[in-house]
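The stops below follow one another as selections.

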Amino acid sequence: MRSPAMRRLVQGFVQDQMAFAERERRENAWVERQLATAPPLSAYQTKMLRRVKTELARAVKNNSAMNSSAA
């Protein structure tokens with residue numbers, strides 16, 4: 001049998017997890033609503049996003065190569 005303190009602790013964890021899941025669900029629903037009403041990207045915005053994505057991928061690749069060589 002569990003002690004009352006352990007039972008309260010576990011109940012607190014479960015409540016926190018359920019609250020987190022509900023918050024995530026609400027945030028995801030909000031994002032979906034925002035994306036549904038957002039105007040399409042312009043050609044310039046698409047170009048900028050591709051460039052940033054490429055730069056981020058290159059930075060991650062360089063960083064992982066530096067970390068593996070330092071080990």
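In which helix do Arg-51 and Glu-55 both lie? Select helix α2, residues 43-70: both are there, 4 residues apart, about one turn of the helix. Helices here are DSSP runs of H or I with at least four residues, strands are runs of E with at least two, and numbering starts at the N terminus. This is a predicted model, in which local features need pLDDT of at least 70 and side-chain atom pairs count only at pLDDT 80 or more, while totals for chains, interfaces and linings use all residues. Residues are numbered from 1 along each chain as its sequence is written, and side-chain values use heavy atoms, with hydrogens and water left out.

Stay on this pair and show the side chains. Arg-51 and Glu-55 form a salt bridge at 3.8 Å, N to O; the term requires a side-chain nitrogen of Lys or Arg within 4 Å of a carboxyl oxygen of Asp or Glu. Arg-51 is partly exposed at 48% relative accessibility, and Glu-55 is partly exposed at 43%. The classes are buried under 20% relative accessible area, exposed over 50% and partly exposed in between, with a 1.4 Å probe and protein chains only.

Next, select Glu-22, Arg-25 and Arg-26, which salt bridges with shared partners join into one network. The closest N and O atoms are 2.6 Å apart for Glu-22 and Arg-25, and 3.2 Å apart for Arg-26 and Glu-22. Glu-22 and Arg-25 are 3 residues apart in helix α1, about one helical turn. Glu-22 is partly exposed at 28%, whereas Arg-26 is exposed at 55%. The structure holds 3 salt bridges.

Move along helix α1, residues 4-37, to Val-10.

Finally, zoom out to the whole chain, which has 2 helices and 0 strands. Its radius of gyration, taken over C-alpha atoms, is 22 Å, well over the 11 Å from the globule rule (2.2 Å times the number of residues to the power 0.38) for 71 residues, so the chain is more spread out than a compact globule. Buried residues make up 0% of the chain.
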